[in-house]
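Q: Can you walk me through this one? I'd like the overall picture, then some details.

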Amino acid sequence: MASQILITMDDLETAVRLNAALEAAQFSTTMFSSLDDARGTVRREHPDLVILTGAVHEPHAQQLAALAHDAEISTLALLEPTDSERTERVERLRATEVMTKPVAPDDAVATARRLLERRQLQERTGIVGESSAIQEVLVKIEQMAPVSSTVLIQGESGSGKELVAKALHDLSPRRGEAFITVNCAALPETLLESELFGHEKGAFTGAAERRLGRFELADGGTIFLDEIGEIPLSTQVKLLRVLESRSFFRVGGTQPIKVSVRVIAATNRALRDAVALGEFRDDLYYRLNVLNIYLPPLRERRGDIPILVRRFIREFAKAHDRQFRGIAPEAMQRLVTAPWPGNVRQLRNLIESMVVLAPGTEIRAADIPADVLEGAGTLLPMRLTPAGQGGSGAAGLQELEFIFRSLVDLRMQVEEMRRRIDDGPQRVQVIDLGHHAQVSDLVSELDQENGSHPVLYKSGMTMADVEKATIEAALKEYAGNRRRAAEVLGIGERTLYRKIKAYHLEGVGG
């Protein structure tokens with residue numbers, strides 16, 4: 001069935017030329033006046049694409065563009081040469097694509113075809129959104145899918161990295177072959193190598209028969225290595241060899257096995273920082289980072305939240321056989337402004353629970369759990385960029401939580417100081433630590449002097465400084481007992497060991 005395209009007649013000459021070119025390209029077209037009932041026209045024609053030929057800054061054109069945006073219909077806006085200077089107005093129009101007139105009909109047809117194909121890609125992959133950030137991701141998928149180069153996908157947990165990996169596979173020449181997923185963080189170090197490369201019978205205790213690894217199973221297709229930042233250094237060496245030679249040995253094997261596999265890796269961790277800390281091999285990082293896709297968190301594309309909410313409501317109302325009208329405007333606004341640390345996954349799960357549990361036929365503001373809205377003012381930044389900062393899987397979340405708690409403790413000290421000033425005559429001393437003073441040493445000295453609880457402040461103190469001082473204090477308090485220190489700090493021993501090494505605290509407390 002031919003795609004349906006609506007063409008406005010605000011610029012009649014351009015509309016007629018485009019209409020003829022699109023019909024010649026086998027598209028089904030309808031020309032209409034944007035002064036007519038835009039909502040009724042969109043509902044009646046069910047277009048796949050709307051082309052605004054002119055008057056794009058007039059209220060009727062903007063209303064049409066907004067209707068198309070909310071209905072997940074792509075929009076191509078043709079601007080006058082002077083319109084391109086009005087950047088703010090163009091951005092407010094929220095068109096999917098803009099072109100500046102005069103526009104050659106063939107160029108407009110090519111752009112229309114690309115937008116329609118991109119919309120089909122979204123429907124096929126489930127990557128939903130009209131924001132420029134998501135459109136950029138879709139463009140990269142279109143560019144990267146046909147080749148066999150390794151791709152590194154970076155983004156927070158729940159942002160949709162596996163959807164992007166699957167889209168790269170489904171659009172590639174390997175689409176008919178296997179797509180194998182490996183969650184590297186879910187496998188213990190002792191099993192990861194066998195899981196990836198397989199093992200021979202008798203290779204280790206319990207290896208009763210030969211087992212093919214994931215790379216072998218993915219031969220001819222694609223392997224998706226999720227949470228790649230969690231693999232241990234010993235396995236990183238073997239993975240590097242596979243990427244360089246496309247061959248490997250099973251555990252306990254002596255014959256090299258050649259495979260033709262495209263590798264797509266994903267992480268919610270800043271691997272460049274891990275390289276700097278010696279936790280991730282730099283040569284493996286460069287091998288993985290041939291092509292890169294950054295998947296933005298939901299809070300960086302809040303304009304997509306209403307689209308996602310409406311789509312999820314339709315999906316779950318149908319799945320649970322509920323007659324559901326939708327969502328109240330106040331409830332939608334609350335969802336748009338919520339922090340969403342769990343990104344699209346968190347939003348999707350929330351919508352399902354509210355569709356099932358809401359007492360009426362629409363989601364109201366009172367139906368939204370309070371914990372979804374909490375923390376909006378104190379959310380710890382977690383944006384991941386190629387040169388950014390972030391955590392790594394479960395360990396990374398623990399580290400972020402630990403840093404966050406340390407910052408909260410400092411804030412509590414400040415609040416306690418203010419309370420003492422307000423409530424009584426106690427004298428509170430604010431101490432400048434200087435450039436080389438150790439927080440833990442000063443705390444110890446002052447506590448020994450008068451048992452007071454001074455507030456220590458150092459201008460320009462970073463989260464790393466806070467983290468180092470807190471770890472150092474814990475190690476000294478428990479005489480170097482790392483297990484006890486890790487328990488008190490609320491992080492894993494492995495994470496603590498890594499931090500001790502990174503901050504050169506090996507001899508502290510011992």
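Q: What kind of model is it, and how are residues numbered?
A: It is a predicted model: local features need pLDDT of at least 70, side-chain atom pairs count only at pLDDT 80 or more, and totals for chains, interfaces and linings use all residues. Residues are numbered from 1 along each chain as its sequence is written, and side-chain values use heavy atoms, with hydrogens and water left out.

Q: How many helices and strands are there in the protein?
A: There are 21 helices and 18 strands. These are DSSP runs, numbered from the N terminus: helices are H or I with at least four residues, strands are E with at least two.

Q: What share of the residues is buried?
A: Of the 510 residues, 46% count as buried. Buried means under 20% relative accessible area, exposed over 50%, partly exposed in between (1.4 Å probe, protein chains only).

Q: And the contacts?
A: Among contacts with a separation of 6 or more, 72% come from residues 24 or more positions apart. A contact means heavy atoms within 4.5 Å.

Q: Take helix H15. What span should it have?
A: H15 covers residues 343-357, and at 1.5 Å a residue its 15 residues should span 21 Å. The expected span is 1.5 Å times one less than the number of residues. The end C-alpha atoms of H15 are 21 Å apart, which agrees.

Q: Which residues of H15 are buried?
A: Asn343, Val344, Leu347, Leu350, Ile351, Met354 and Val355. Seen down the axis of H15, they fall within an arc of 130°, so they line one face of the helix. The arc is that of the directions from the helix axis to the C-beta atoms.

Q: What covers them?
A: The cover includes helix H13 (305-319), helix H14 (329-337), strand S16 (362-363) and helix H16 (370-373).

Q: Which residues of H3 are buried?
A: His60, Ala61, Leu64, Ala65, Leu67, Ala68 and His69. H3 is followed by Glu72, whose phi is positive, near 60°.

Q: Switching to charges. How many salt bridges does a search of the whole structure find?
A: It finds 28. A salt bridge is a side-chain nitrogen of Lys or Arg within 4 Å of a carboxyl oxygen of Asp or Glu.

Q: Where does Arg250 sit, and where is Glu216?
A: Their side chains meet in a salt bridge, 2.7 Å from N to O. Arg250 is in the loop between strand S11 (247-248) and strand S12 (257-258), while Glu216 is in helix H9 (residues 214-217), so the pair ties together parts 34 residues apart in sequence. Both Arg250 and Glu216 are buried.

Q: Which residues do salt bridges with shared partners join into one network?
A: Glu72, Glu123, Arg311 and Arg314.

Q: What about Asp170 and Lys166?
A: They form a salt bridge, with the closest N and O atoms 3.0 Å apart. Both lie in helix H7 (residues 161-170), four residues apart, about one turn of the helix. Asp170 is buried at 17% relative accessible area, and Lys166 is partly exposed at 33%.

Q: Last topic, the surface. Which residues make the nonpolar patch of about 310 Å²?
A: Met9, Leu12, Val16 and Met31. Patches are made of residues with over 30% relative accessible area and no salt bridge: like charges are joined within 9 Å, nonpolar side chains (Val, Leu, Ile, Met, Phe, Trp, Tyr) within 5 Å. Areas come from the Shrake-Rupley method with a 1.4 Å probe; for residues, only the protein chains shown count as cover.

Q: Where is Leu12?
A: In helix H1 (residues 12-24). Leu12 is partly exposed, with a relative accessible area of 48%.
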